[in-house]
Amino acid sequence: MRKRTLVYMIFREDYVGLRMVSRSPKSPHRFYISRNKLEELEHKPEVIACDIHSFAVLRRDTYAGTLEITFTWLGGDKNSLSGYQDT
């Protein structure tokens, strides 16, 4: 069986909010991507968006007409760093 992820999306005038739920832990918080970052994809094949302690790499495939988003969720304290990725 393939790995599946459910994505909740909220669309606002200035941003898109995303939250993922999969068999691995769900995303620790909603991830916000500004409209400006999304508009950069019109001119670049890849854009990095940051949100609090996490980041996402957005890759546009014009041939397939798709957008791939790889989220890296980071957490920890002053002595250690932990996290996971979801695509």
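Phe 31 is buried, with a relative accessible area of 0%; buried means under 20% relative accessible area, exposed over 50%, and partly exposed in between, for a 1.4 Å probe and protein chains only. The structure is a predicted model, in which local features need pLDDT of at least 70, side-chain atom pairs count only at pLDDT 80 or more, and totals for chains, interfaces and linings use all residues. Residues are numbered from 1 along each chain as its sequence is written, and side-chain values use heavy atoms, with hydrogens and water left out.

The confidence of the model may be considered next. The predictor's confidence in each residue is given as pLDDT, from 0 to 100. The chain has an average pLDDT of 84, and 90% of the residues score at least 70. Confidence is highest in helix 1 (residues 35-40), at 93, and lowest in strand 7 (residues 80-86), at a mean of 79. Helices (H or I, at least four residues) and strands (E, at least two) are DSSP runs, numbered from the N terminus.

Attention now turns to the aromatic rings. Four aromatic pairs are present in the structure. Rings of Phe, Tyr and Trp (its six-membered ring) pair if their centres lie within 6.5 Å; planes under 30 degrees apart count as stacked, over 60 as edge-to-face and the rest as tilted. The ring centres of Phe 31 and Phe 71 are 5.2 Å apart and the planes stand at 75 degrees, so this pair is edge-to-face. It links distant parts of the chain, since Phe 31 lies in strand 3 (residues 31-34) and Phe 71 in strand 6 (residues 66-77), 40 residues apart. Phe 31 also forms an edge-to-face pair with Trp 73, at 5.8 Å centre to centre and 85 degrees between the planes. Trp 73 is buried, with a relative accessible area of 1%.

Three strands, in the order 1-2-3, form an open sheet with antiparallel pairing. Strand 1 (5-11) and strand 3 stand at the edges, each with a single partner strand, so one side of each lacks a neighbour in the sheet. Two strands pair if DSSP finds at least two bridges between them; strand 1 and strand 2 (residues 15-22) run antiparallel and are joined by seven bridges. Met 9 stands opposite Leu 18 in strand 2.
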